[in-house]
Amino acid sequence: MTSSLEAIALLAVEYLLVLGLAPILLGIIRRVKARSQRREGPSLLQPYRDLAKLWRKESVYSDTSSWVTRAAPWVSFAALLAAIPLVPWFVLPTPFSGAGDLIVLVGLLALSRFVIALAALDAGSTFGGMGSSREMWMGSLSEPIFLLVIFAFGAPAGSTQAGTIAAHGVAAGWGYVSAPLLLAVVAYVGLLLVETGRLPVDNPSTHLELTMVHEAMVLEYSGRDLALIEWGQGVKLAVLTGLLIALAVPWGISSSLGIAVIALALALLVAKLAGASALIGGLESRIAKWRLFRVADLTTFAAVLALGAIAFHYLIAAGA
Amino acid sequence: MLRATFGLAMAGCLLAGLQGVEVLLGAVVPAQAVSIPGAVAATPLLSLGLQEDPLSAFFVLVLAVSGAAISLASIGYVDRYVHSREAALAALFNLFLLSLLLVCVAGTVFLFLVAWEGMTLVSYFLVVHEDHSAEARSAGLTYLVISHGAAAAVLVALLGLSVATGTGQLSAIASGAGGLSPWVRDGVFVAALVGFGTKAGMVPLHVWLPEAHPAAPSNVSALMSGVMIKMGIYGLLRVVWVLLGGGPSWWGYTILLFGAASALVGVLYAIAQHDLKRLLAYHSVENIGIILMGIGASIVLFDLGYPALAALAMAAALLHTWNHALFKSLLFLGAGAAAGATGTRDLEKLGGLVRRMPGIALTFLLGAMAISALPPFNGFVSEWLLFHSLFSAFSTGSPATELVFAGMAAVLALTSGLAAYCFVKAFGIAFLARPRSEAAATAQAPPGTLTAGTGVLAGLCLLLGIAPALAINLASRPLTQMVGTSLGPGTSLSLISSLPAPSTTSAGFAPGIIALLLGLAIAGIWVASRFGVAPKVRVERSWDCGIDAPTARMEYTAGGYSQAVTRIFQEFFRPKEDVERTVAAGTRWDLLTRVRRFSEESVDPLLPSLYRPIRDGFLWSAREVSRLQSGRIHAYLAYMFATLVVLLLVLRFVGSPSP
C-alpha cells in the first residue's frame with residue numbers, strides 16, 4: 001500500500017509524463033508517415049513548437065458564438081486530464097485507483113467529446129455542424145465497442161478496474177495470452193482508430209471540406225483554445241494507447257516503489273508508447289481514408305470481435 | 001391567485017417529501033394500512049386505507065422533489081404562456097399531484113385502482129387543455145383509450161391477486177401470495193407488465209407517450225414525463241417484488257429484453273424528431289427502458305441466488321428513476337420556456353436562444369449532460385451502477401446469463417452514446433448559433449420562477465452526480481424491502497465516498513474524486529492561462545468560405561444533423577423521403593438535377609403495424625355486435641333473461657363461491 005504522499009508524487013509523475021509525451025507521440029506518427037512517403041518530414045519536436053506558437057497567438061471568436069465556445073476547450077481538456085489517473089502507467093497499484101474504473105474513463109472521454117461537439121455548432125457555420133454530427137455519430141458507435149472490450153478484458157480478471165486487469169496480466173505471465181485476449185486487442189485497435197480519429201476513419205491532416213471530421217469541428221478555434229484542443233488530442237491518444245499497453249502487454253509495470261524498478265518501468269513505458277505510435281503511423285500509411293458510412297462496418301466488425309472474445313472466454317471457463 | 005395555488009402545491013410537495021425522507025431514514029415506523037375512518041366498507045375488497053412503506057416513501061420523495069420544483073416553475077409559466085382557463089389548469093394540476101400521491105400511498109387494492117384511474121382521467125384533461133388544437137384532441141383520445149386498455153390489465157393483475165389471496169389489503173396480499181400456484185403468479189406478472197408497462201411507456205406499448213406528452217402544457221409534460229410514468233415502475237415493483245417477492249428468471253429476461261428494446265427504440269426515434277418536446281418524450285421511453293433493464297437484471301440475479309448483485313441492479317433502477325425524474329422535469333420546463341417564448345417547438349425554427357434566455361440555456365445544458373450520462377452528473381452514476389450489475393454476471397458462472405448481460409451492456413452503451421448525439425443536436429440547434437426564425441430572434445426572457453425551478457433541478461442533478469451516496473442511503477430501505485439486502489458498507493454520507501461494489505468485483509468509482517479532479521484540472525488551466533502575456537482576443541464573423549454575409553440558412557439543420565444516424569438505421573426508420581426534382585434543361589445528368597424541395601418524415605412503424613389490427617378488430621366486432629341492437633324492447637328483455645340463465649348455469653356447474 002502506498003501512502004497518500006507517495007500517491008500524490010506518483011500522480012504528479014504520471015501527469016508530467018503524459019502531458020509531456022503527448023505531443024511527441026503525434027510527432028512520431030507524422031514522422032513515420034512522412035518516411036513511408038519518402039519525405040524527410042518535420043522534426044519530432046514540431047508539435048511542441050506548434051503548441052508554443054498557438055499559445056502566444058491571439059484568439060479569434062465568431063460573433064455568433066457564446067460562452068459555450070469559450071468554456072468548451074477547458075472542460076474538454078479537463079475531462080482528459082481527469083482520465084489520466086484511471087490508466088495504469090508504470091506502477092501498480094495505480095495511485096488513486098479508487099477514483100474510477102474503465103467505465104468512468106468512457107464517461108470522461110464522452111464528456112470531452114460532447115462539449116467540443118456543442119461548441120462546433122455555436123459559430124453557426126456549416127463545417128462545424130457537419131463535423132459535430134459526424135464526430136458524435138462515430139462516438140455513439142464506438143461506445144458500445146468500448147464497453148464490450150472492457151467486458152472482454154475485464155472478465156478474466158473479474159474487474160473493470162484497469163489496474164486490477166493489468167495486475168492480473170502481470171501475475172498470470174504467459175498464461176495471460178489467449179485467443180480471447182487477441183480478439184479483444186484487435187477490437188480495441190479498431191476502437192482506438194475511431195476514438196482518436198486516425199485513418200481510415202478520419203484524416204487528421206486534411207482540410208478538405210467533405211472529408212474532415214474532427215478538423216471541421218474545431219475550424220473556428222484559434223490561439224490558446226486551439227492549443228488546448230490539439231494538446232488534448234495528443235493526451236487522448238496517449239491515454240488510449242497507454243490503456244492498450246496496460247491491458248494487452250502489461251509486463252514491465254512496476255509493483256514496488258524502488259527507484260531502479262520505477263526507472264526501468266518508466267523507460268519500458270516510453271519505449272512501448274513510442275512503439276505503439278510508430279505502429280499507428282505505419283498502419284495509417286497503408287490504409288486510405290474510407291468513406292464515412294464504412295465506419296459503421298469497422299465498428300460492427302470490432303463489436304463482433306469483442307463479443308467473440310467474451311463468448312470464447314466464458315466457453316473456455318465453462319469447459320475448464 | 002396562481003401564485004397561491006402553485007405555492008400551496010409546492011408546500012404540499014415539500015411536506016410529503018419530508019414525510020417520505022422520515023420513512024426512508026427509519027425515523028418513523030411506516031404505518032401499515034391506516035384505514036380511512038368511516039370509509040371502510042363491509043367487504044375486504046372495497047376497503048380504503050393508506051400505507052407508506054419504504055417503497056412508497058421512495059416514490060413519494062421522487063414525486064415530491066420534482067413536484068415542488070415544477071410547481072415553482074408553474075407560477076411563472078402559466079402566468080406568461082398559458083392564455084386560456086389558467087384557473088382550471090392550476091386546479092387540475094393540484095388534483096394531478098394528489099392522485100399521484102394517492103397511487104404511491106394506497107394501502108388497498110381498491111384505493112389503488114381508484115387513484116390510478118383518477119390519475120389517468122386528470123392527466124387526460126390536462127393533455128387536452130389546449131383543446132383548440134386538433135393535435136391535442138387526437139393525442140388525448142389516443143392516451144385515454146390506450147390508458148384504459150392498460151387499466152384493464154392492472155385491474156386483472158391486482159384483482160386476481162386479491163381474489164386468490166382473499167384480501168384487499170396490499171400488505172396482507174404480500175404475506176399470502178407465497179402459496180399461489182405458478183400459473184397464477186405468471187398470469188399476474190404478465191398482466192402487471194402489460195398494464196404498468198403501458199403507463200411507463202415500454203416499447204411496444206409506448207405509442208401514446210410521444211403523442212400525449214408534447215400536447216400538454218409544458219409544466220404538465222414535466223410532471224407526466226418526470227413523475228407519472230414512474231408510477232408504472234412503482235406498480236411493477238410493488239406487484240413483482242413486494243407482493244410476489246420476485247419471480248423466475250424468465251420474468252427478468254422478459255423485462256430486460258423489453259427494457260433494452262425501449263431504450264434503443266426510444267433513443268433512435270428521439271434522434272429523428274425535430275419537435276423539441278416530442279424528442280424529449282421519446283427520451284422518456286429510452287430512460288424507462290434503462291430503468292426496466294435494471295429491474296430485469298435484478299430479478300435474474302436474485303433468481304440465480306445473488307441477492308447482493310440483485311440489490312446493485314435494483315439500486316441502479318431506483319436511482320435512475322429518481323435521476324430521470326429530476327432531469328426530465330428540468331428538460332421539459334426548459335423546452336416549455338423555449339416553446340412558450342417563441343411559439344414553436346420546431347427545432348428548425350429555434351436557435352440562438354442562449355443569448356435570449358441564458359439561465360434556461362445553462363440549466364437545459366446541465367440537464368442534457370445529465371441525461372446523456374456524462375460525469376459528473378447523476379445520470380452517469382445510475383448508468384455506471386447498471387453497467388456494473390451487468391458486468392457482475394461474470395461471477396454467476398452461467399454462460400447464457402453472462403453473454404446476454406454483455407449484449408445488454410453494449411445496447412446500454414449504444415443508447416447512451418446516441419442520447420449524447422441527440423442532445424448535442426437538441427441543445428445546439430435550439431439554443432446555439434443564429435436564430436432560425438424571427439420568433440426566435442425576438443424571444444422574451446422567461447419569467448424568473450421558471451428559471452428558478454430549472455435551476456433547483458439542475459443543482460440536484462449535479463449534487464446527486466457528485467454525492468450519490470445521499471440517494472443510495474435513501475434507497476437503502478426500499479432495497480432491503482424488495483431484495484432483502486442493501487448495498488452494504490461504503491454508503492456513508494461522505495461527499496467523496498466510493499460507490500459500493502459487490503464483494504465479487506474490485507471496481508470502484510468515487511464520483512466526488514472525479515468531480516474534484518475535473519475542478520482541479522479547470523483551475524490548473526486557469527492558472528496556466530495567467531502565465532505570460534495574455535494574447536489579444538478578437539471577435540469576427542464565422543468562416544464562410546468568403547461569402548460575405550453568413551445567414552441562418554447556412555447553418556446545419558436538425559434534419560441534417562441527425563442524418564448520419566437515420567441513414568445507417570434506415571431499415572429501422574423507413575423514412576418517407578419526398579424529393580421534388582427539376583432537371584436542368586437539355587441534360588439527363590443526375591449531377592445537374594436541382595433538388596427543389598426535400599422533406600423527410602419518420603413515422604413510428606409500431607403505430608400502424610401493432611395498433612391498427614387491434615383498432616380494426618374492435619371496429620369489426622362493434623359492427624357485428626350492432627346487429628343485435630334491433631331497438632325492440634322485448635328483444636332486450638330476452639337478452640337479459642338469456643344472460644341471467646347463462647350466469648346461473650355457470651354458477652351451478654363451475655362451482656359455488658364459499659361463504
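Helices here are DSSP runs of H or I with at least four residues, strands are runs of E with at least two, and both are numbered from the N terminus. This is a predicted model, where local features need pLDDT of at least 70 and side-chain atom pairs count only at pLDDT 80 or more, while totals for chains, interfaces and linings use all residues. Residues are numbered from 1 along each chain as its sequence is written, and chains are lettered from A and ligands numbered from 1 in the order in which they are written.

Now for α7(B) itself, which covers residues 182-200. The buried residues of α7(B) include R185(B), F189(B) and F196(B). "Buried" is for 20 or more other C-beta atoms within 10 Å of a residue's own, "exposed" for 12 or fewer, and "partly exposed" for in between, with C-beta atoms placed from the backbone. What covers these buried residues includes α5, α9, α10 and α11 of chain B.

## Chain B as a whole

Chain B comes to 24 helices and 5 strands. Of its 659 residues, 56% are buried. Take the contacts in chain B between residues at least 6 apart in sequence: 78% of them join residues at least 24 apart. Two residues are in contact if their C-beta atoms, placed from the backbone, lie within 7 Å.

## Two residues to look up

Start with E86(B), which sits in helix α3 (residues 86-105) of chain B. E86(B) counts as partly exposed because 16 other C-beta atoms lie within 10 Å. Leaving out residues up to four places away in sequence, E86(B) touches L2(B) and V78(B). From E86(B) to R185(B) is 99 residues along the chain, and their C-alpha atoms are separated by 46 Å.

Then there's L141(A), in helix α5 (residues 126-157) of chain A. L141(A) is buried because it has 25 other C-beta atoms within 10 Å. Beyond its neighbours within four places in sequence, L141(A) is in contact with V295(A), A296(A) and T299(A).

## Two helices that cross

Two packed helices are described by the angle between their axes and the distance between the axes. In chain B, the axes of α15 (residues 378-391) and α18 (residues 448-466) come within 7 Å and cross at roughly 40 degrees. That makes α15(B) oblique to α18(B). Axes are lines fitted to C-alpha atoms, for helices over the stretch in contact, and angles run from 0 to 180 degrees between N-to-C directions. Under 35 degrees counts as roughly parallel, over 145 as roughly antiparallel, 65 to 115 as roughly perpendicular, and the rest as oblique.

On the α15(B) side, N378(B), F380(B) and V381(B) meet C461(B), L464(B) and G465(B) in α18(B).

## Where the chains meet

Chain B puts 68 residues in contact with 72 residues of chain A. On the chain B side, α16(B) gives the most, with 16 residues.

Strands join in too: 4 bridges link β1 (residues 59-62) of chain A to β3(B), and the two run parallel. Strands pair if DSSP finds at least two bridges between them. Here S59(A) stands opposite V537(B) in β3(B).

Definitions and conventions. The expected span of a helix is 1.5 Å times one less than its number of residues.
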